[in-house]
Amino acid sequence: LPLVMRKTLWPMRSLRPVLAEAAAYAERQDGSGVPEGLRGDNIPLLGRLLAVVDTYEALIADRPYRLAYSRARALHILQALSGRLFDGVITDLLEGITRGEL
């Protein structure tokens, strides 16, 4: 999927400088992601941010195979995976934002 995203967005010249960073949204903190198996701080900040936001949005949206999770449950799931799959600082920031603390 990250490679498809790069090819799809490549014609938009203004986005080219951040395409590689954005495509890193499928990388995971523990190195289990794709396309390059990057881990930790080797994942660009934009990719780490998009990974958390994309997953949160997917959890709180209805899917053909399940109803949306509550925001509280989605945050709980993200926090449970924080540090292993997702950047803990970013998951904490998202939680603070959704709770109106930031």
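Q: Which residues is Leu 75 in contact with, leaving aside its neighbours within four places in sequence?
A: In this predicted model, Leu 75 touches Tyr 56, Leu 94, Glu 95, Thr 98 and Arg 99 once those neighbours are set aside.

Q: Which residues make up the largest nonpolar core?
A: In soluble globular proteins, nonpolar side chains tend to be buried together. Here the largest nonpolar core has eleven residues, among them Leu 75, Tyr 56 and Leu 94. The others include Ala 51, Val 52, Leu 59, Ala 74 and Leu 78, and also Leu 85, Phe 86 and Ile 90. At least two residues of this core come from each of H3, helix H4 (71–81) and H5. The most come from H3, which gives four.

Q: How do I read the angle at which the axes of H3 and H4 cross?
A: Angles over 145 degrees count as roughly antiparallel, and those from 65 to 115 as roughly perpendicular. The axes of H3 and H4 cross at roughly 140 degrees and come within 9 Å, so the two helices are oblique to each other. Their crossing is right-handed. On the H3 side the contact is made by Val 52, Thr 55, Tyr 56, Leu 59 and Ile 60; on the H4 side, by Arg 71, Ala 74, Leu 75, Ile 77 and Leu 78. Eight of these residues are nonpolar, one is polar and one charged.

Q: Where do H3 and H5 meet?
A: Leu 45, Arg 48, Leu 49, Val 52 and Tyr 56 of H3 meet Ile 90, Thr 91, Leu 94 and Thr 98 of H5. That contact divides into six nonpolar, two polar and one charged residue. The axes of helix H3 (residues 45–60) and helix H5 (residues 88–98) cross at roughly 50 degrees, so this pair is oblique.

Technical notes:
Residues numbered from 1 in each chain as written. Predicted model: local features only at pLDDT ≥ 70, side-chain atom pairs only at ≥ 80, totals over all residues. Heavy atoms only, no water. Axes fitted to C-alpha atoms, helices over the stretch in contact; angles between N-to-C directions. Parallel < 35°, antiparallel > 145°, perpendicular 65-115°, else oblique. Contact = heavy atoms within 4.5 Å. Nonpolar A, V, L, I, M, F, W, Y, C, P; charged D, E, K, R; others polar. Core = buried A, V, L, I, M, F, W, Y, C linked by side-chain atoms within 4.5 Å. Buried < 20%, exposed > 50% of the residue type's maximum accessible area, 1.4 Å probe, protein only. Left-handed = near helix turned anticlockwise from the far one by under 90°.
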